[in-house]
Amino acid sequence: MLKTHQSPPWPSEPQTTTSAARWLPHGHHLDPHTHDQGQLVYAAAGTLATTTERGTWVAPANRVTWTPPGFAHSHRFYGRTDARVLTVPVDLCGELVEHPSVFAVSPLLREAVLALTGERPEVRPGAHGRLLAVVIDELCDTPEQSLHLPESSDDRLRAVTGLLHADPARPATLAELGRAAGASERTLSRLFHTELGMSFHQWRTTLRIHHALGHLTNGMSVTDTAMACGWSNPSSFIDAFHSVVGQTPGSYQADLRTSPALP
């Protein structure tokens, strides 16, 4: 049986719940849903993926996801995840960006989120509200660091991205994928830039990093992860991972091992 913190259940109705903490198993999935208020979700251990119609955002333990009110979204968790959720009242949501995003987690932000979602009682009236204001202030001063994989509404581009979603390690060139999707390489290259704001190579690399985070979180070795996600050698994988995530795969796994003990 899944053990949970002695705190409110996962807030399916966040207007009545301000915070929650729960250990979730690898692969746990929450179906698409919306909230009337804003929501911050932090994986204190493990990795979280949040998906909206605009694409997927991934947040390892050094990032926190933000979903404004009204955005339909789903969550998936990789590795056993210490999931922390904070509801942000509507009157504070205007302080943050108007679209789903991911932010870096400073030491102060991490401790504030852990305190708000932990078992510590509110000794002084208004203390939780003041601490939530600190969280908002920290996020306002933190640049977005989105591991964002955008999606397109163009059928031709969706056909290509669908092939890669099904097999991220697929070594096909854009021209080869275009033949399978019925579009020219030139057209697809233009669509990647105009529809998704990145090149084909950047998009596929981000997709592979998303999958790599899941493998690493679940204990797969760096070398095996590189091979499973389509890199020809571990060195190129390490370089790509560092450029996107901001740390090496080995450092990422070391952080997982030193995270708070599982209950």
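**View 1. Helix α3 (residues 127-140) lies across β3, β6, β8 and β9.** Helix α3 runs at about 100° to β8; contact means heavy atoms within 4.5 Å, and axes are lines fitted to C-alpha atoms, for helices over the stretch in contact, with angles from 0 to 180 degrees between N-to-C directions. Helices (H or I, at least four residues) and strands (E, at least two) are DSSP runs numbered from the N terminus. The model is predicted: local features need pLDDT of at least 70, side-chain atom pairs count only at pLDDT 80 or more, and totals for chains, interfaces and linings use all residues. Residues are numbered from 1 along each chain as its sequence is written, and side-chain values use heavy atoms, without hydrogens and water.

**View 2. Helix α2 (residues 107-117) lies across β1, β3, β6 (63-67), β8 and β9.** Its direction is at about 85° to β8.

**View 3. Five strands form an open antiparallel sheet in the order β1-β8-β3-β6-β9.** Two strands pair if DSSP finds at least two bridges between them. β1 (19-24) and β9 (101-104) are at the edges with a single partner strand each, so one side of each has no neighbour in the sheet. Neighbouring strands are turned by 25° against each other on average, direction ignored.

**View 4. Strands β3 (residues 38-43) and β8 (residues 81-88) run antiparallel and are joined by six bridges.** Gly-38 has Val-88 in β8 as its bridge partner.

**View 5. α7 gives the most to the lining of the largest pocket, with six residues.** β4 (47-52), β5 (55-59), β7 (73-78) and α7 (200-217) each supply at least two lining residues.
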